[in-house]
Amino acid sequence: MRGIRIPQDLDGEDQFVLGLSVTRLSTLLFGLLAAYAILHLALPGLVRGILALLAAGMGAALTWLRPEGRSLGHWALAAIEFHLARSTDTPTRLSRPRALAGTPKFSVVATTPDTIIPTPGLDSDEDDVIELPEPAISAERDLEAQGNVDDEAVPVYLGGTQIITFFSAKGGTGRTTLATEVATLLARKGRYRPSATEPAQPLRVMLVDFDLSSANVSARLGLAQPTMLDYVSDVAGIGADPDPSDYILHHQASNLDVLLGPSKCLAGDRSRLVGIPQAAHILSAFRDAGYHFVIIDMGASVGDLETYLLEAAHRIYCVVTPTAGSVQSLYRGVEVLRRLGLGEKLRYVANKMREGYNLEEPLGDLGGSLAARIPFDQLFEFAENRLQPIVLWSEGATRNALARLGASIYPALERPRPGRVTANPFSWLTRRRRAS
């Protein structure tokens, strides 16, 4: 299998005729057919003309009008679901006691206000140094917060291992940072129950750095060795596949397991050291070990190894920043993934966002929506220099944005308010559109 070349000719969603996709063209045709049928009804001519114009205009509006990158039909269905949700948002007979009615919605933020780290101002006379809380104290607070959560609100995990990949066809988008932050958040805050009768337990999360040319997860977590290079060296030395579990590092502060990327740049012929057989053996071992989530950070190229990792993933988060080059790379990368048949797996994350930037037009072209919008924050640099992810010690808008990204992977991170009806039989009507 040869590598995939990234093409230059992405036009957004597939066009069938008149620059329209099959779905949008069918909407237009239904509107025209409805107008034609109305013109042949036994009604006064003026009435028929008005109704026919309305039918044709409605079809055209549903075809071409796309506020915020979404069709009018989507917004109509969203309004219906919102109205139905509000009408059923009342305590039921089976709801919990009134004492719990004011319980706030579950939040992944468990630290106390005394751990909030302000961003140093430009006029500060002190050095730009942030004193982080001790990991042991922070972890203890998280354990106390988890102990206060009702086990009945923790879901039963029935599925197998979920492989989540962060991808970008361009370097510098923050792909490694988001993969590390989300994996840390899931490992630290995620909880599940093996069955309905068993108590809640922490999720088992694995972070794997498959970036062969520039592996940086070690710098984000303050871990050094062993690495994937030790694993492939032992494979070549003993002539058999060793157990990848022997090369796992445990990040004590977050309860996250990590397989670090190679400590040296594996480019050119050296990239063959880590190929599809080694990657398949590693992922298979982690599935057998019972991990709930395997978060993969991979390089920006799309070669044989990267293609295998993308195909093995259950969800692919495409990271984009508000720059012309990054948006252009997003179009090219999505085109590659669509040609590989991976369109249904795609999610989108906007990173390093500032006020005034809008990515709705490219996402509308791609038929997708943002899973999260991560703001530009200098705390990411401080976190990297302190070798600790932001979610371990900070609060605020950035932490909340990372929490939304984590909840898009594991929705139980955002638990509903107790005693309220949350199930909605019409939720399938406003399911997010995905690039396909």
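**From a surface patch to enclosed elements**

Val47 lies in helix α2, which covers residues 45-64. The model under discussion is a predicted one. In this model Val47 is partly exposed, because its relative accessible area is 36%, a value that falls between the limits of 20% for buried and 50% for exposed residues. Val47 also belongs to a nonpolar surface patch, together with Leu41, Leu43, Leu46, Ile50, Leu51 and Leu54. The accessible area of these patch residues together is about 620 Å².

The buried positions in α9 are Leu305, Glu306, Thr307, Tyr308, Leu309, Leu310 and Ala312. Their cover includes the strands β1 (162-167), β4 (205-210), β7 (293-298) and β8 (315-320), as well as the helices α8 (276-288) and α10 (324-339).

Strand β6 itself comprises residues 256-259 and is covered on both faces. Leu256 and Val258 are buried on one side, and Asp257 and Leu259 are buried on the other.

Strand β6 is also joined to strand β5, residues 249-251, by 3 bridges, and here the strands run antiparallel. Leu249 stands opposite Val258 of β6. The hairpin of β5 and β6 has 4 residues between the strands, and in this hairpin Asn255 adopts a positive phi near 65°.

Key:
Residues numbered from 1 in each chain as written. Predicted model: local features only at pLDDT ≥ 70, side-chain atom pairs only at ≥ 80, totals over all residues. Heavy atoms only, no water. Patch = residues over 30% accessible without salt bridge, like charges linked within 9 Å, V, L, I, M, F, W, Y side chains within 5 Å. Areas by Shrake-Rupley, 256 points an atom, 1.4 Å probe, with all protein chains shown as cover. Salt bridge = Lys/Arg side-chain N within 4 Å of Asp/Glu carboxyl O. Helix = DSSP H or I, 4+ residues; strand = E, 2+ residues; numbered from the N terminus. Buried < 20%, exposed > 50% of the residue type's maximum accessible area, 1.4 Å probe, protein only. Contact = heavy atoms within 4.5 Å. Pairing = 2+ DSSP bridges.
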